[in-house]
Number of protein chains: 2
Amino acid sequence: MKRSNPEFLNGVPELLILRLLAERPMHGYDLVQSIRRASNEELAFGEGCIYPLLHKLEASGHLSSRREKLDGRSRVVYRVTARGQSRLVETWSEWRRVVQAVNQAIGGAGHACPASA
Amino acid sequence: MKRSNPEFLNGVPELLILRLLAERPMHGYDLVQSIRRASNEELAFGEGCIYPLLHKLEASGHLSSRREKLDGRSRVVYRVTARGQSRLVETWSEWRRVVQAVNQAIGGAGHACPASA
DNA sequence: ATAGATACCTCAAGGTTCGAGGTATGTCAA
DNA sequence: TTGACATACCTCGAACCTTGAGGTATCTAT
């Protein structure tokens, strides 16, 4: 049951976009699907989230794009800029910092574990 | 540099509140400080975030509260209800699911690691 | 009475993702 | 040629969350 502004997902699309595009340039539609595949179908972000983010990241100089023709289809392919690489480093570090801190706080609070999902 | 709606923190205050209160009942002010301590000063949420959340969780039946007098001071002490325990299980599971999925997507995308912070 | 510490409260602002609704461009079948 | 379908892209209002600012209340000590 999803809701707007879901738990724990803030900033995740941006991190994943930067990470996956650092691996290889892709167009928007492919990116949506790659995120799903890369997370074993656990994470799925709609186009309504991904495209505005791609535009935003391009406007801020973290991504660059070019319309390319591949297999008879026209696509807008995005690549990470040097600035985007720096942003990836920051974001990835922040992710790890938060995860570590939360797990520390949860684990450090005692020994009880919730039942597995 | 903090900003409203910061990265990766959505839902974290609620998870930590439930977890720490499940460990022992506390008043709001103590909770703010306990979260900071439990995370080795890595996470800090202002009262402006914690109190409205405590009120919201109490309104929804996840927490109960009682004004108590301790050491000459009056405090509102919160406890987790059975309903709140269930919510903790859900939230904790969701946290673990998201962390696992993101790490899978990030790690699975290739072998490059960002420089350590 | 005032200062300081402890304890609690409220709210506007800014930003994010969801989901809905749409457009555009190719291929293929009828 | 037209329509269906798949691929590809776009926009926007709604809902929601945390930040940070500004405040109130209650205690002790001077």
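Me: Which residue takes a positive phi just after helix 2 of chain A?
Reply: In this predicted model, Asn40(A) does, with a phi of about 55°.

Me: And which residues of helix 2 are buried?
Reply: In helix 2 of chain A, which covers residues 28–38, the buried residues are Gly28(A), Asp30(A), Leu31(A), Val32(A), Ser34(A), Ile35(A) and Ala38(A).

Me: On to the sheet in chain A. What is the strand order?
Reply: The order is 1-3-2, in an open sheet of three strands with antiparallel pairing. Strand 1 (26–27) and strand 2 (63–70) are the edge strands, each pairing on one side only.

Me: How many bridges join strand 2 to strand 3?
Reply: Eight bridges join strand 2 of chain A to strand 3 (residues 73–80) of chain A.

Me: Which strands does helix 1 of chain A lie across?
Reply: Helix 1 (residues 12–23) lies across strand 1, strand 2 and strand 3 of chain A, at about 105° to strand 3. Helix 3 (residues 47–59) lies across strand 2 and strand 3 of chain A, and runs at about 120° to strand 2.

Me: What is Arg87(B) in contact with, leaving aside neighbours within four places in sequence?
Reply: Arg87(B) is in contact with Glu7(A) from chain A, and with Glu14(B), Leu18(B) and His62(B) from chain B.

Terms used
Residues numbered from 1 in each chain as written. Chains lettered and ligands numbered in written order. Predicted model: local features only at pLDDT ≥ 70, side-chain atom pairs only at ≥ 80, totals over all residues. Heavy atoms only, no water. Contact = heavy atoms within 4.5 Å. Pairing = 2+ DSSP bridges. Helix = DSSP H or I, 4+ residues; strand = E, 2+ residues; numbered from the N terminus. Axes fitted to C-alpha atoms, helices over the stretch in contact; angles between N-to-C directions. Buried < 20%, exposed > 50% of the residue type's maximum accessible area, 1.4 Å probe, protein only.
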